[in-house]
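This briefing concerns a single protein model and is intended to be read alongside its sequence and coordinates. The points below are grouped by topic.

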Amino acid sequence: MKRQLWLIGGLCALALGTVGIALPLLPTVPFMILAAFCFARSSPALEARLMNHPAFGHHIVAWREKGVVSRRGKWSATVAFGISIAIGMITLALPWSLIPLGVAILCLGWIWRQPEA
């Protein structure tokens, strides 16, 4: 039963990461790292596929081995959050338009404090 729950968690994280490719507010790589974490406890084959993925694999390995985020990844996240803030300010009324700003401040504060590759 525990293994199935880890598998479901990994599939949900993978789905959110996939959606994050198109939506600027959802980060992709952190969800892929979470998916790999869940798959390590449920499906070694799916974990291996993520670890060997050409776009996400090196990010997952770098995080697991050294706990690092690349400078390019930090700037990509910053740009994506900037786009999300702009979209939120344009499409949402106050106070709802402040939610993307708050999320960006929290997440980017954490991301920029992580060591770099």
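The model is a predicted one. The largest pocket has a volume of about 790 Å³.

**Overall architecture**

- The C-alpha trace of the protein spans about 45 × 35 × 20 Å along its principal axes.
- The protein has 117 residues, and 28% of them count as buried.
- The accessible surface of the protein comes to about 7500 Å²; carbon and sulfur atoms account for 73% of that area.
- When contacts between residues at least 6 apart in sequence are considered, 59% join residues at least 24 apart.

**The largest pocket**

- A total of 30 residues line the largest pocket, and those nearest its centre are V29, P30, H59, G73 and S76.
- Two or more lining residues come from each of α1 (2–22), α2 (29–40), α4 (57–66), α5 (71–91) and α6 (98–113).
- Helix α5 gives the most to this lining, with six residues.
- By residue class, the lining of the largest pocket holds 22 nonpolar residues, seven polar residues and one charged residue.
- As a general point, rolling a probe the size of a water molecule over the atoms shows where empty space is left.

**Helix α2**

- Does the span of α2 agree with its number of residues, or disagree? The twelve residues of α2 should span 16 Å at 1.5 Å a residue, and the end C-alpha atoms are 16 Å apart, so the two values agree.
- The buried residues of α2 are F31, M32, I33, A35, A36, C38 and F39.
- The cover over these buried residues of α2 includes α1, α3 (44–51) and α4.

**Lysine 74**

- K74 is located in helix α5.
- Is K74 buried or exposed? Its relative accessible area is 1%, and because buried means under 20%, K74 counts as buried.
- Leaving aside residues up to four places away in sequence, K74 touches V69, I111, W112, Q114, P115 and E116.

**Loop residues**

- H53 occupies the loop between α3 and α4.
- The relative accessibility of H53 is 30%, so H53 counts as partly exposed, a class that lies between the 20% and 50% limits.
- H53 and R72 are 19 residues apart along the chain, and their C-alpha atoms are separated by 18 Å.
- P27 belongs to the loop between α1 and α2.
- With a relative accessibility of 32%, P27 also counts as partly exposed.
- P27 and L16 are eleven residues apart in sequence, and the C-alpha to C-alpha distance between P27 and L16 is 8.4 Å.

**A cis peptide bond**

- Which residues does a cis peptide bond join? L94 and P95 are joined in this way, with omega at about 0 degrees.
- P95 is found in the loop between α5 and α6.
- For context, most peptide bonds are trans.

Definitions and conventions. Residues numbered from 1 in each chain as written. Predicted model: local features only at pLDDT ≥ 70, side-chain atom pairs only at ≥ 80, totals over all residues. Heavy atoms only, no water. 1 Å grid on protein atoms, 1.4 Å probe; cavity = no way out; pocket = protein on both sides within 12 Å on 5 of 7 lines; lining within 4 Å. Points joined across faces, edges and corners; volume = space filled by probe spheres on them. Helix = DSSP H or I, 4+ residues; strand = E, 2+ residues; numbered from the N terminus. Nonpolar A, V, L, I, M, F, W, Y, C, P; charged D, E, K, R; others polar. Buried < 20%, exposed > 50% of the residue type's maximum accessible area, 1.4 Å probe, protein only. Contact = heavy atoms within 4.5 Å. Areas by Shrake-Rupley, 256 points an atom, 1.4 Å probe, with all protein chains shown as cover. Expected span 1.5 Å × (residues − 1).
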